[in-house]
Amino acid sequence: MFDTTQKFNDRADDYAKYRPRYPQGVFDLLTEECEVGQECAVADVGSGTGIFAMGLVETGARVFGVEPNGDMRREMERSAPQVVGLPTTAENTWLTSRSIDLVTCAQSFHWFDFGAARREFLRILRPDGWVALVWNERLDDATPFMVGYQKALEAYCPDYANARHRERSEDDLRAFFLPFEMRVASFPNEQRLDFEGLVGRSLSSSYAPLEGEPEHAAFIGALKSLFGEFSVEGVVSFPYSTRVYYGRLVSDETE
């Protein structure tokens with residue numbers, strides 16, 4: 001079976017430059033409700049190039065970035081040296097038992113083994129610890145440009161359908177937090193991209209065909225056509241809803 005931890009090989013540079021950041025409201029929420037801040041230990045699992053981890057560092061927390069992909073982790077270590085990088089996985093973090101106050105998963109939870117990750121999070125969390133699952137969810141039908149972009153992904157990215165199938169439903173996420181209730185918050189977010197940024201943002205996705213792969217040239221051609229049709233003053237807008245699914249996590253055995 002293909003090792004999903006290698007899906008982002010050769011994409012770290014584009015990922016670091018062109019993936020959307022996270023609204024400040026997300027970090028304010030974690031500070032106010034999950035008590036993130038000084039003396040708090042956070043495990044950012046599937047930390048990638050450290051985009052979310054850098055926001056956590058700004059809260060004053062001690063941050064451990066769990067990232068098995070070497071290219072992504074090295075970029076994190078370069079851009080966010082305050083983060084302790086671990087070449088490990090969500091299912092086996094190497095972190096000390098009951099040492100973590102909050103586990104965050106930003107744009108990563110759908111890659112994990114649901115049950116194994118939950119058991120590992122329970123092991124490393126202190127009693128009544130928190131978990132926050134975060135996604136920048138692209139608004140596919142928000143504008144004519146986004147509708148066209150969605151069609152381009154479907155037409156020229158053969159692995160796109162498989163990637164969408166990995167997404168977790170809200171019911172799945174609620175089950176993860178049982179017996180506690182999952183809380184949900186959302187924040188508007190947006191990127192404004194020139195053509196270089198549009199290409200880089202697109203190629204940062206695991207399913208996008210890289211140079212030399214079938215469909216790459218056709219995909220870039222479709223992006224060029226979309227940009228020519230919909231750009232205004234040299235940019236296009238990518239709207240998102242940044243969604244945070246969060247709550248305390250406790251072992252079923254304690255109930």
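**Entry 1: β2 and β3**

I looked up the pairing of β2 and β3 and found them parallel, joined over 3 bridges. I took strands as paired where DSSP finds at least two bridges between them. Helices (H or I, at least four residues) and strands (E, at least two) are DSSP runs, numbered from the N terminus. Within this pair, Val66 has Leu86 in β3 as its bridge partner. From β2 the chain passes through helix α4 (residues 70-79) to reach β3, in a right-handed β-α-β crossover. I call a crossover right-handed if, with the strands pointing away from the viewer, the path from the first strand over the helix to the second runs clockwise.

I note that the model is predicted: local features need pLDDT of at least 70, side-chain atom pairs count only at pLDDT 80 or more, and totals for chains, interfaces and linings use all residues. Residues are numbered from 1 along each chain as its sequence is written, and side-chain values use heavy atoms, with hydrogens and water left out.

**Entry 2: β1 and β2**

I then turned to the other pairing of β2, in which β1 and β2 run parallel and are joined by 5 bridges. Ala43 has Phe64 in β2 as its bridge partner. A right-handed β-α-β unit is formed by β1, helix α3 (residues 51-58) and β2. I also checked how far strand β2 (residues 62-66) is covered, and found 4 of its 5 residues buried. Buried means under 20% relative accessible area, exposed over 50%, and partly exposed in between (1.4 Å probe, protein chains only).

**Entry 3: the whole sheet**

In what order do the strands of the open sheet stand? I read the order as β3-β2-β1-β4-β5-β7-β6, an open sheet of 7 strands with mixed pairing. The edges are taken by β3 (84-86) and β6 (183-193); each has a single partner strand, so one side of each lacks a neighbour in the sheet. On average, neighbouring strands of this sheet are turned by 20 degrees against each other, direction ignored. Axes are lines fitted to C-alpha atoms, for helices over the stretch in contact, and angles run from 0 to 180 degrees between N-to-C directions.

**Entry 4: β5 and its partners**

Strand β4 (residues 100-106) pairs with β5 in the parallel sense over 6 bridges, and Ile100 has Leu125 in β5 as its bridge partner. Together β4, α5 and β5 make a right-handed β-α-β unit. With strand β7 (residues 236-248), β5 runs antiparallel, joined by 9 bridges; Glu137 has Ser241 in β7 as its bridge partner. I also recorded 11 bridges between β6 and β7, again antiparallel.

**Entry 5: α5 against α8**

Helix α5 (residues 114-124) packs on helix α8 (residues 170-177) at an angle of about 35 degrees, with the axes 11 Å apart. Which residues of α5 meet α8? I listed Phe114, Arg118 and Phe121 in α5, which meet Asp172, Ala175, Phe176 and Phe177 in α8. Contact means heavy atoms within 4.5 Å. The residues of this contact divide into 5 nonpolar, no polar and 2 charged. Ala, Val, Leu, Ile, Met, Phe, Trp, Tyr, Cys and Pro count as nonpolar, Asp, Glu, Lys and Arg as charged, and the others, Gly among them, as polar.

**Entry 6: Gly200**

Is Gly200 buried or exposed? I found Gly200 buried, with a relative accessible area of 4%. Gly200 lies in helix α9 (residues 195-203) and touches Asp14 and Tyr18, not counting residues up to four places away in sequence. The C-alpha atoms of Gly200 and Tyr18 are separated by 5.8 Å, although the two residues are 182 residues apart along the chain.

**Entry 7: backbone geometry**

Most residues other than glycine have a negative phi, and most peptide bonds are trans. I noted a cis peptide bond between Leu178 and Pro179, with omega about 10 degrees; Pro179 is in the loop between α8 and β6. Glu39 has a positive phi, near 70 degrees, and is found in the loop between α2 (24-33) and β1 (41-45). Its relative accessibility is 67%, so Glu39 counts as exposed. Asp128, in strand β5, also has a positive phi, near 60 degrees. At 42% relative accessibility, Asp128 counts as partly exposed.
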